[in-house]
Amino acid sequence: MYWREIVDETHVREAQIMKAFCEERRLAILSMLKAGERCGCALLAELSISQPTLSHHMKILLSSGIVHARKEGKWVYYSLNNAGLLEAKKYLDDYILASKEINLVEC
């Protein structure tokens, strides 16, 4: 059986969400957003990274749905997206629940 045969759209979406949490700079951005909405320029200054690097990380965070962006004039403001965070929590909760219900299977 090939891996593609057991991977469905749920796995693809889950991977997209979990990818947002799998890099130190993205975790730093998420931590900064815990304090509230931040302008991209503020994130750049605090992280000391280039604009293309920030754009790369924000693209991943936005596509995961855990971060929301709004444009005001020439500035983009980012904030945590509660619905996306709850979706991520649901996936983790499913694993936690499954780990409590595991039955040993003999090969």
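Axes here are lines fitted to C-alpha atoms, for helices over the stretch in contact, and angles run from 0 to 180 degrees between N-to-C directions. Two packed helices are described by the angle between their axes and the distance between the axes.

This is a predicted model, in which local features need pLDDT of at least 70, side-chain atom pairs count only at pLDDT 80 or more, and totals for chains, interfaces and linings use all residues. Residues are numbered from 1 along each chain as its sequence is written, and side-chain values use heavy atoms, with hydrogens and water left out.

## Overall layout

The protein has six helices and three strands. Helices (H or I, at least four residues) and strands (E, at least two) are DSSP runs, numbered from the N terminus. Along the sequence the order is α-α-α-β-α-α-β-β-α.

Of the 107 residues in the protein, 28% are buried. Buried means under 20% relative accessible area, exposed means over 50%, and partly exposed lies in between (1.4 Å probe, protein chains only). A contact means heavy atoms within 4.5 Å. Take the contacts between residues at least 6 apart in sequence: 58% of them join residues at least 24 apart.

In soluble globular proteins, nonpolar side chains tend to be buried together.

Which residues does Ile29 touch, leaving aside its neighbours within four places in sequence? They are Leu43, Leu47, Leu54, His57, Met58 and Leu61.

## How the helices pack

| Helix pair | Angle | Axis distance |
|---|---|---|
| H3 and H4 | about 125 degrees | 11 Å |
| H2 (residues 9-19) and H6 (residues 82-100) | about 110 degrees | 10 Å |
| H3 and H5 | about 75 degrees | 10 Å |

Angles under 35 degrees count as roughly parallel, over 145 as roughly antiparallel, 65 to 115 as roughly perpendicular and the rest as oblique.

Start with H3 and H4. They pack at an angle of about 125 degrees. That makes H3 oblique to H4. The crossing is right-handed. A crossing is left-handed if the near helix is turned anticlockwise from the far one by less than a right angle, and right-handed if clockwise. Ala28, Ile29 and Met32 in H3 meet Leu43, Glu46 and Leu47 in H4. By class, this contact has five nonpolar, no polar and one charged residues. Here Ala, Val, Leu, Ile, Met, Phe, Trp, Tyr, Cys and Pro count as nonpolar, Asp, Glu, Lys and Arg as charged, and the others, Gly among them, as polar.

H3 also packs on H5, at about 75 degrees. The two helices are therefore roughly perpendicular. From H3 come Arg25, Arg26, Ile29 and Leu30; from H5 come Thr53, Leu54, His56, His57, Met58, Ile60 and Leu61. The classes are six nonpolar, three polar and two charged residues.

H2 and H6 form another pair, at about 110 degrees. H2 is thus roughly perpendicular to H6. Their crossing is left-handed. H2 supplies Thr10, Arg13, Glu14, Ile17 and Met18, while H6 supplies Glu87, Ala88, Tyr91, Leu92 and Tyr95. This contact has six nonpolar, one polar and three charged residues.

Ala20 lies in the loop between H2 and H3. Is Ala20 buried or exposed? Ala20 is buried, with a relative accessible area of 0%. Not counting residues up to four places away in sequence, Ala20 touches Arg26, Leu30, Ile60, Leu61, Ser64 and Ile66. Ala20 and His57 are 37 residues apart along the chain, yet their C-alpha atoms are separated by 8.2 Å.

Arg38 lies in strand E1 (residues 38-39). Arg38 counts as buried, at 17% relative accessibility. Beyond four places in sequence, Arg38 touches Met32, Leu33, Leu43, Glu46, Val76, Tyr77 and Tyr78.

Ser48 lies in the loop between H4 and H5. Ser48 is exposed, with a relative accessible area of 65%. Its phi is near 55 degrees, a positive value in a residue other than glycine.
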